[in-house]
Amino acid sequence: KISWTPLLVLGYLFYLLLGAMVFQLLEKQAETHFRDQFQLEKLKFLQNYTCLDRQALEQFVQVLMNAWEKGVNPEGNSTNPSNWDFSNSFFFAGTVVTTIGYGNLSPSTVAGQIFCVFYALFGVPLNLAFLNQLGKALNAHLLTLERWVQKPGRAQVQLAIFLTTGTLLFLVFPPLVFSYVEGWSYGEGFYFTFITLSTIGFGDYVVGTNPNKHYIPVYRSLTAIWIVFGLAWLALVFNVGADLMERYLQLKWHKSDLSLAEGTTTKLEDEPEQPRIHIPS
């Protein structure tokens, strides 16, 4: 029996290569445009403020970058809300244990960094166990999804309800809220929603970081709770998708093995029987 694993490995590598080519095609030209535009803006700034030289401007840009890396938004002033009040700290703790890690905020003290390591060391397994139990609780009310795969019937309706309800609660409605609160477009809100719940977490869009907006104190805490339940739902969807894909690949590969075996058997049966030589005693 031929293993289907090499086929999966080749398909996986091909998918990565395809993604690399598409992203390069879509983003490289835009990056070049933004880079040239940024250099042009720096040149205009130096022309308008002749008291500065290029070295002083580069130093100031480095100060801005360091501030951004430390979680301080260069926009606004010192009256901006703290990144480490309880609501924001609760949100950050959620991004640590869920391994989202937006990258826009991180501990800057040695004590905070060491605590973050041990907090994640125990928090990530705890989060996985919690999501596992939460997924089991969801499955208990929706029947087992594997039973749907093996025995289609009423469970198909349950699965459809599960997917539709989860899509509305975690992927369709939240972007409307984020668009209203953050001022994003619906497409940007949907992009943030999926990137967050899939734990990709690029950090290009993060809720509650605009210094020009006034957020309610529990806004980010409620977002963290939404993330936890959304993670459980999307993880189940991913597991079902992976299970179906694996079963499909195994079935197709198994059928090809059977076809090859049947072809070999047919070929042997179609060959004429060789004449037997009778040796007298």
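Below are a few stops, each with something to select and something to look for.

First, some ground rules: this is a predicted model, where local features need pLDDT of at least 70 and side-chain atom pairs count only at pLDDT 80 or more, while totals for chains, interfaces and linings use all residues. Residues are numbered from 1 along each chain as its sequence is written, and side-chain values use heavy atoms, with hydrogens and water left out.

**Stop one: the salt bridges**

How many salt bridges does the structure hold? There are two, counting a side-chain nitrogen of Lys or Arg within 4 Å of a carboxyl oxygen of Asp or Glu. Side chains of opposite charge can pair when their charged atoms come close.

Select glutamate 31 and arginine 35: their side chains meet at 3.0 Å, N to O. Both sit in helix H1 (residues 5-48), four residues apart, so about one helical turn separates them. (Helices here are DSSP runs of H or I, at least four residues, numbered from the N terminus.) Glutamate 31 is partly exposed at 41% relative accessibility, and arginine 35 is partly exposed at 47%. For these labels, buried means under 20% relative accessible area, exposed means over 50%, and partly exposed is in between, using a 1.4 Å probe and protein chains only.

Now pick glutamate 58 and lysine 42, which form a salt bridge at 2.6 Å, N to O. This one links distant parts of the chain: glutamate 58 is in helix H2 (residues 54-69) and lysine 42 is in helix H1, 16 residues apart. Is lysine 42 buried or exposed? Lysine 42 is buried, at 8%, whereas glutamate 58 is partly exposed, at 32%.

**Stop two: helix H3**

Select residues 86-97. Helix H3 has twelve residues and should span 16 Å at 1.5 Å a residue; its end C-alpha atoms are 17 Å apart, which agrees. (The expected span is 1.5 Å times one less than the number of residues.) Among its buried residues are Phe91, Phe92, Val96 and Val97. Step just past H3 to threonine 99, which takes a positive phi of about 60°.

**Stop three: serine 198**

Jump to the loop between helix H7 (186-197) and helix H8 (219-270), where you'll find serine 198. This serine is buried, with a relative accessible area of 14%. What does the side chain of serine 198 reach? Look for the backbone oxygen of phenylalanine 194, at 2.7 Å. Leaving aside neighbours within four places in sequence, serine 198 is in contact (heavy atoms within 4.5 Å) with Leu234 and Phe238.

Conventions. Helices (H or I, at least four residues) and strands (E, at least two) are DSSP runs, numbered from the N terminus. A polar contact is a pair of N or O atoms within 3.5 Å; within protein, one must be able to donate a hydrogen and the other to accept it, and residues adjacent in sequence count only if both atoms are side-chain atoms.
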